[in-house]
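Biologist: I am new to this structure and would like a close look at one helix. Please start with a residue in it, then follow the rings and the core from there.

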Amino acid sequence: MSNKHGFLNGYLRNDTLHNISLLSGSGSKLLDANNKRYIDLNSGLWNVVLGYNEELNQNFKYAFSKILDNNLSYIDMTSYHHELYEEVAEMIIDFIGKDELQKVVYTNSGSESIEGAIKIVNSISNKNKIVSFSNSYHGTFFGDMSVSGLTKEVNKEQGIDYSNRVIVDFPKNSLDEEKLFDYIKNNKNEISAFFIEPVIGSGGIHFRGLDFYEKLLKICNRLDIITIFDEVATGFYKSGEKFFINKLSTTPDVLCVSKSINNGVLPSGAIILNEKIINQLKSKTIKHMSTQNGNILAIVSIKETLKYYNKYNNILLENVKQIEKVTKDICDLHNIENRSIGTMIAIPVKKDNINPLIEALKNNGILVYRHITKTGNGLTLFPHININIDEYKKVLKFIIKRVKKYEIS
């Protein structure tokens with residue numbers, strides 16, 4: 001592999017987790033430059049929630065060509081309007097299905113969505129402390145880093161200002177939950193907002209019962225604490241519903257999304273606001289714009305992906321339900337500990353075994369992800385939401401056998 005490009009992930013590098021060069025994709029499979037085929041249980045965390053999807057990609061090509069045929073490859077949305085901005089915003093709001101959420105702000109990524117949400121909080125609240133969870137991950141911009149407990153150690157050289165940040169442990173039990181609720185009540189005059197990753201994704205798939213989130217939202221709403229749900233990782237079916245918030249009767253003030261909003265084809269994201277936040281912003285000065293916000297091809301890609309989701313909605317919901325059931329049934333049958341919800345799956349593994357396991361699975365044509373944190377380590381699996389269930393069963397059984405082999409030896 002050449003050494004002329006790089007990325008900043010821990011350090012300046014271009015080596016990758018799986019060290020393979022990709023040639024093509026099909027469904028849930030990848031083909032590398034040596035014509036070796038893999039099943040991808042890695043990319044579902046990131047953008048490729050619908051897999052390497054021929055139907056969707058053909059729809060993209062057709063929709064993009066219509067825009068490019070009009071020579072409108074770029075529009076500055078602060079200077080000009082296009083009918084797609086309003087059309088797609090309405091589609092996003094309808095797809096979410098929460099009447100309280102009424103306005104869309106387009107972004108380029110999950111990191112930018114969270115950064116924008118932090119600016120909104122700072123603009124409208126006269127309180128100064130923002131709360132988030134210790135193993136949560138919210139992005140790589142300066143604001144994002146200040147609320148991402150998972151990467152606090154990695155970011156220690158960046159001069160992040162944590163003076164108005166409170167990073168609390170994610171509750172492990174009902175007693176922890178009550179302690180958190182008491183903390184919020186006792187500090188209501190200082191807390192401006194709570195950033196909530198409903199399923200701790202990169203931190204190893206941790207989540208609580210629905211009653212916890214309902215109570216957390218209701219307490220914050222009652223105490224005038226802005227609630228922001230970061231569904232960049234959990235959104236678009238991965239938690240078993242279109243969004244985790246669809247499991248709840250209470251709705252947060254702000255929803256941040258990205259990744260699966262367009263299956264990763266172009267950098268895209270969005271911040272969705274409720275009426276209370278909208279009205280408060282009308283009297284405030286705030287600037288959060290980058291030149292590619294509202295990139296017209298990105299907006300088209302969101303439209304086509306939402307059309308695909310709507311077309312196959314019932315099938316996707318049922319498939320994710322089956323993925324969750326298969327995961328729990330097979331792990332329980334083989335007495336393998338797991339934390340799973342929808343297509344987000346963690347299998348605890350000793351730290352020293354993680355890399356050898358990943359390599360062994362790769363050699364057998366299976367790509368998985370990992371989590372390594374202060375509170376636990378293991379494999380993380382993120383199958384595509386439309387993966388063939390029989391194929392997933394077969395692959396998961398093989399993974400379980402390998403896990404048992406490494407953990408027992």
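Modeller: Asp182 sits in helix H5, which covers residues 174-186. The model is predicted. Asp32 is 150 residues from Asp182 in sequence, and the C-alpha atoms of Asp182 and Asp32 are 53 Å apart in space.

The rings come next. The whole structure holds 16 aromatic pairs. One of them joins Phe181 and Phe212: the ring centres are 5.7 Å apart and the planes meet at 25°, so this pair is stacked. Phe181 belongs to helix H5 and Phe212 to helix H6 (residues 210-222), so the pair ties together parts that are 31 residues apart in sequence. Phe181 is buried, as is Phe212. A second example is the pair of Tyr237 and Tyr309, which is tilted, with 5.3 Å from centre to centre and 50° between the planes. This pair links distant parts of the chain, 72 residues apart: Tyr237 is in the loop between strand E10 (226-230) and strand E11 (254-257), and Tyr309 is in helix H8 (residues 296-311). Tyr237 has a relative accessible area of 0% and is therefore buried; Tyr309 also counts as buried, at 0% relative accessibility.

Phe181 and Phe212 also belong to a cluster linked by ring pairs, together with Phe133, Phe170, Phe194, Tyr213 and Phe244.

Phe194 leads on to the core. The largest nonpolar core has 71 residues, and Ile92, Phe194 and Tyr309 touch the most other members. Helix H2 (residues 83-96) supplies the largest share of this core, nine residues. Another core, of 26 residues, lies apart from it and includes Leu41, Leu357, Leu361 and Ile366. In soluble globular proteins, nonpolar side chains tend to be buried together.

Leaving out residues up to four places away in sequence, Tyr309 touches Val49, Leu50, Phe95, Phe236, Tyr237, Ser260, Leu316 and Ile385. Phe95, one of these contacts, has Lys242 over the face of its ring, at 4.4 Å from the ring centre. Likewise, Lys152 is placed over the face of Tyr162, at 4.5 Å from the ring centre.

Last, the cysteines. The search of the whole structure turns up zero disulfides. For Cys220, the nearest cysteine sulfur is that of Cys256, 15 Å away. A disulfide needs two sulfur atoms within 2.5 Å, so the sulfur of Cys256, with Cys220 as its closest partner, is too far for a bond. Cys220 counts as buried, at 0% relative accessibility, and Cys256 likewise counts as buried at 0%.

Definitions and conventions
Residues numbered from 1 in each chain as written. Predicted model: local features only at pLDDT ≥ 70, side-chain atom pairs only at ≥ 80, totals over all residues. Heavy atoms only, no water. Buried < 20%, exposed > 50% of the residue type's maximum accessible area, 1.4 Å probe, protein only. Helix = DSSP H or I, 4+ residues; strand = E, 2+ residues; numbered from the N terminus. Core = buried A, V, L, I, M, F, W, Y, C linked by side-chain atoms within 4.5 Å. Contact = heavy atoms within 4.5 Å. Phe/Tyr/Trp six-rings, centres within 6.5 Å; stacked < 30°, edge-to-face > 60°. Lys NZ or Arg CZ within 6 Å of the ring centre and 35° of its normal.
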